[in-house]
Every structure is written in C-alpha cells, then in structure tokens.
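Here is a short tour of one protein model. Keep the structure open and find each residue as you read.

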Amino acid sequence: LTFTQFSPSAGIIYRAFENSSLYANYSSAFQTPSANELGNSPEGGFNRVLRPERIRSFEAGCRTFFENFFAEIAAFHFTADNQLIPYQVSAASDVTYFRNAGQT
C-alpha cells in the first residue's frame with residue numbers, strides 16, 4: 001500500500017499592544033496505519049481496508065506579559081477523520097483488530 005498526503009500548516013501573530021499579541025494557527029497531519037494494525041484482519045491476512053488518519057486543527061489565542069508574569073489564553077478545534085480504533089471480535093478473544101472510525 002502507498003499512502004501520500006499534503007499536510008500544510010500556517011500561523012500568524014499580530015502584535016496588538018506592546019506587551020500583547022494575538023495569534024492563530026492552522027495545521028494538518030497524516031498518520032498511516034502501523035504494520036501491527038495492517039497485519040491484523042478478522043478475515044486473516046493483510047487488512048487492506050484501513051485508511052490513514054487525517055487530522056486538522058485550528059488554534060487562536062492571546063499572549064501577554066508584564067515584568068516577570070506571562071499569561072496565555074487559547075481556544076482550539078481539532079477534527080480527525082478515519083481515526084484508527086481497536087476492537088475485538090469476541091470478549092474471549094485476546095486478538096486486537098483495527099478499523100477506521102468516521103469523524104471524531
């Protein structure tokens with residue numbers, strides 16, 4: 001299997017006052033299934049239905065400082081598509097398989 005993905009990230013900082021700045025960041029990530037995750041399939045053999053996780057995040061906040069004091073407040077939003085989650089076929093089984101979730 002071959003997995004490819006462009007994963008951009010960008011950020012901006014605006015100096016609102018002498019001691020304070022506002023910032024925003026966007027980033028994306030791409031995580032492929034590991035050999036262990038791909039190697040376990042309930043049907044046996046190689047699990048070819050697993051897809052890579054795609055992650056996007058956005059963060060915005062404010063940073064300020066006064067003499068020896070620093071403060072930051074931030075908010076963020078994080079979305080993952082195709083997150084890899086473990087499961088077992090039966091409670092008595094000790095074999096762990098993996099599948100993709102929808103969106104988390």
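The report below goes from the sheet to single residues and then to the rings.

## The sheet

This is a predicted model. Four strands make up an open sheet, in the order E1-E2-E3-E4. Their pairing is antiparallel. Two strands stand at the edges: E1, residues 9-14, and E4, residues 69-81. Each of these has a single partner strand, so one side of each is left without a neighbour in the sheet. From one strand to the next, the twist averages 10 degrees.

Now look at E2 and E3. Strand E2 covers residues 20-31, and strand E3 covers residues 53-66. They run antiparallel and are joined by 12 bridges. Across this pairing, Ser28 stands opposite Arg56 in E3.

## Ser20 in strand E2

Ser20 belongs to strand E2. Is Ser20 buried or exposed? Its relative accessible area is 16%. The cut-off for buried is under 20%, so Ser20 counts as buried.

The side chain of Ser20 has a polar partner. It makes a polar contact with the side chain of Thr64, at 2.8 Å. Neighbours within four places in sequence aside, Ser20 is in contact with Tyr14, Arg15, Arg63 and Thr64. Arg63 also lies over the face of Tyr23, at 4.0 Å from the ring centre.

## Two loop residues with positive phi

Glu67 sits in the loop between E3 and E4. Its phi is near 45 degrees, a positive value in a residue other than glycine. Glu67 has 80% relative accessibility and counts as exposed.

Asn82 is found in the loop between E4 and E5. Its phi is also positive, near 60 degrees, and Asn82 too is a residue other than glycine. The relative accessibility of Asn82 is 23%, and it counts as partly exposed.

## Asn40 and its contacts

Asn40 lies in a loop between helix H1, residues 35-39, and strand E3. With 22% relative accessibility, Asn40 counts as partly exposed. Which residues does Asn40 contact, leaving aside its neighbours within four places in sequence? They are Gly45, Asn47, Thr96 and Tyr97.

Compare Gln103: Asn40 and Gln103 are 63 residues apart in sequence. In space they are 22 Å apart, C-alpha to C-alpha.

## The tyrosine pair

The model holds one aromatic pair. Its members are Tyr87 and Tyr97, with ring centres 5.9 Å apart. Why is the pair called tilted? The ring planes stand at 40 degrees. Planes under 30 degrees apart would count as stacked, and over 60 as edge-to-face.

Tyr87 is buried, at 19% relative accessible area. Tyr97 also counts as buried, at 13% relative accessibility.

The charged end of Arg99 sits over the ring of Tyr87, 4.1 Å from its centre. Tyr97, for its part, is among the contacts of Asn40.

Conventions: Residues numbered from 1 in each chain as written. Predicted model: local features only at pLDDT ≥ 70, side-chain atom pairs only at ≥ 80, totals over all residues. Heavy atoms only, no water. Phe/Tyr/Trp six-rings, centres within 6.5 Å; stacked < 30°, edge-to-face > 60°. Buried < 20%, exposed > 50% of the residue type's maximum accessible area, 1.4 Å probe, protein only. Lys NZ or Arg CZ within 6 Å of the ring centre and 35° of its normal. Pairing = 2+ DSSP bridges. Axes fitted to C-alpha atoms, helices over the stretch in contact; angles between N-to-C directions. Contact = heavy atoms within 4.5 Å. Polar contact = N/O pair within 3.5 Å; in protein donor to acceptor, adjacent residues only side chain to side chain.
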